[in-house]
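Here is a short note on the aromatic rings. Please read it with the model open beside you.

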Amino acid sequence: MDYRSFWESVKVKGIEIGLEANYFTHFENNDTQNCKLSNVGLKRCSYYFDISAQAGCFIRLNHTNADWNKKIYDMVLSCKEDLEQSIGVPIEFNAEELSAGICAHPKDHSLEFLVGKTSEEELSIHLIRCFYLMLEEVDHVFRNSMDEAY
């Protein structure tokens, strides 16, 4: 797979369906399996599209203080069950990366979106769908956890 052209196609698709172009400033010339989104407004965290395994969108904590990162991660993780129940989508947590994300299709969790098995168009739409869910349903849990930690 040519990752540069893939990320460019994700950018085009995102803009076509109404996402702000400034989310995609890191997408040009990206030749890796994950791509950082820009200007999402969540401080001390970064959003990523990742296609290295099952495709999805993730929020990673990236504060310079490792203890703070772990504390916020644990607070978000403690909300896992309630969050999954309210949005109807399993949340993927990665303690090593201190990240949480969505890889599952909201209506059919058995669907897998994988490079080489899923068309690039479907992968793009899936990533954007996951991003919307993260922005609308998960982002606030990170924000609330950070507010509580301060």
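1. Start with the rule. Rings of Phe, Tyr and Trp (its six-membered ring) pair if their centres lie within 6.5 Å. Planes under 30 degrees apart count as stacked, and planes over 60 count as edge-to-face. The rest are tilted. In this predicted model, the rule gives 9 aromatic pairs.

2. Take Trp7 and Phe27. Their ring centres are 5.5 Å apart and their planes meet at 85°, so this pair is edge-to-face. The two residues come from distant parts of the chain, 20 residues apart. Trp7 belongs to helix H1 (residues 3-16). Phe27 sits in the loop between H1 and strand S1 (34-36). Both Trp7 and Phe27 are buried.

3. Next, look at Phe49 and Phe131. Their pair is edge-to-face as well. The distance is 5.9 Å centre to centre, with 90° between the planes. Phe49 is in strand S2 (residues 45-50) and Phe131 is in helix H4 (residues 120-149), so the pair ties together parts 82 residues apart in sequence.

4. Now step back to the cluster. Ring pairs join Phe6, Trp7, Tyr23, Phe24, Phe27, Tyr47, Phe49 and Phe131 into a cluster. Both pairs described above have their residues in this cluster.

5. The charged end of Arg60 sits over the ring of Tyr48. It lies 4.2 Å from the centre of that ring.

Conventions:
Residues are numbered from 1 along each chain as its sequence is written. This is a predicted model: local features need pLDDT of at least 70, side-chain atom pairs count only at pLDDT 80 or more; totals for chains, interfaces and linings use all residues. Side-chain values use heavy atoms; hydrogens and water are left out. Helices (H or I, at least four residues) and strands (E, at least two) are DSSP runs, numbered from the N terminus. Buried means under 20% relative accessible area, exposed over 50%, partly exposed in between (1.4 Å probe, protein chains only). A charge sits over a ring if NZ of Lys or CZ of Arg is within 6 Å of the ring centre and within 35 degrees of the ring normal.
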